[in-house]
Amino acid sequence: MNLHARTLAGGALALVLAAALAGCGSSGGSKSTGSSGGGGTTKSSSTPAACTLLTQQIATDTLGAGAKKTREYTPNPHMTQCTYTGPKAFANVEAGDCSFLKQFDAPANATAVTGVGDYASSGASGMLACKGSLGISVDVGIAGTYSGAAADSIEKQQLNLEKKLANEVFAAS
């Protein structure tokens, strides 16, 4: 699969999740969150803040110098999203309860990933990983158009960056 197809698939999954859950109510208390991406909703008080998990330091470690937060968003009461963009790549993390995020995992298309949390799988839309009840969806994209062996190499690099990022987020949580 080339990078372009994977990036589009990741964005499509985020939109499907947001649209499917926009009308869901929250249980328990709620807290408003700001959004640099426009729109948004009210998150449940138990929903982890993705931009608290994906810190500037972790983004810089993953993307290199010049990484900047470009999106902090609450697409529905059950998850939050944080995106950093660097000169040659981006990193996106969606955070929520593991059981909530796992229901959107596509097991037929996903491959098990070892060495990350208690559960991790990788597919066209990035990696889903869980540690305890914390679930994160991680997508790292490297800029460029690739095909053949170059695309395979970039996908391996992206997966390695996703694993590194997920482990850093879990270590910091």
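## T62 in helix α3

With a relative accessibility of 9%, T62 counts as buried, because this value is under the 20% cut-off. T62 belongs to helix α3, which spans residues 56-63. Leaving out residues up to four places away in sequence, T62 touches V140, L161, K164 and L165. The model described here is predicted.

## Nonpolar core

The largest nonpolar core has 29 residues, and those that touch the most other members are L54, V116, I136 and L165. Two or more residues of this core come from each of the helices α2 (50-53), α3 and α5 (148-172). The strands that give two or more residues are β4 (79-85), β5 (89-97), β8 (126-131) and β9 (134-142).

L54 is in contact with A59, C82, Y84, A91, V93, L165 and V169, when neighbours within four places in sequence are set aside.

## N76 in strand β3

N76 is located in strand β3, which covers residues 68-76. Its relative accessibility is 0%, so N76 counts as buried. The side chain of N76 reaches the backbone nitrogen of H78 at 2.7 Å.

## Confidence of the prediction

Across the chain the mean pLDDT is 79, and 73% of the residues reach 70 or more. In residues 1-37 the pLDDT is below 50.

Conventions. Residues are numbered from 1 along each chain as its sequence is written. This is a predicted model: local features need pLDDT of at least 70, side-chain atom pairs count only at pLDDT 80 or more; totals for chains, interfaces and linings use all residues. Side-chain values use heavy atoms; hydrogens and water are left out. Helices (H or I, at least four residues) and strands (E, at least two) are DSSP runs, numbered from the N terminus. Buried means under 20% relative accessible area, exposed over 50%, partly exposed in between (1.4 Å probe, protein chains only). A polar contact is a pair of N or O atoms within 3.5 Å; within protein, one must be able to donate a hydrogen and the other to accept it, and residues adjacent in sequence count only if both atoms are side-chain atoms. pLDDT is the predictor's confidence in each residue, from 0 to 100. Contact means heavy atoms within 4.5 Å. A nonpolar core is a set of buried Ala, Val, Leu, Ile, Met, Phe, Trp, Tyr and Cys residues joined through side-chain atoms within 4.5 Å.
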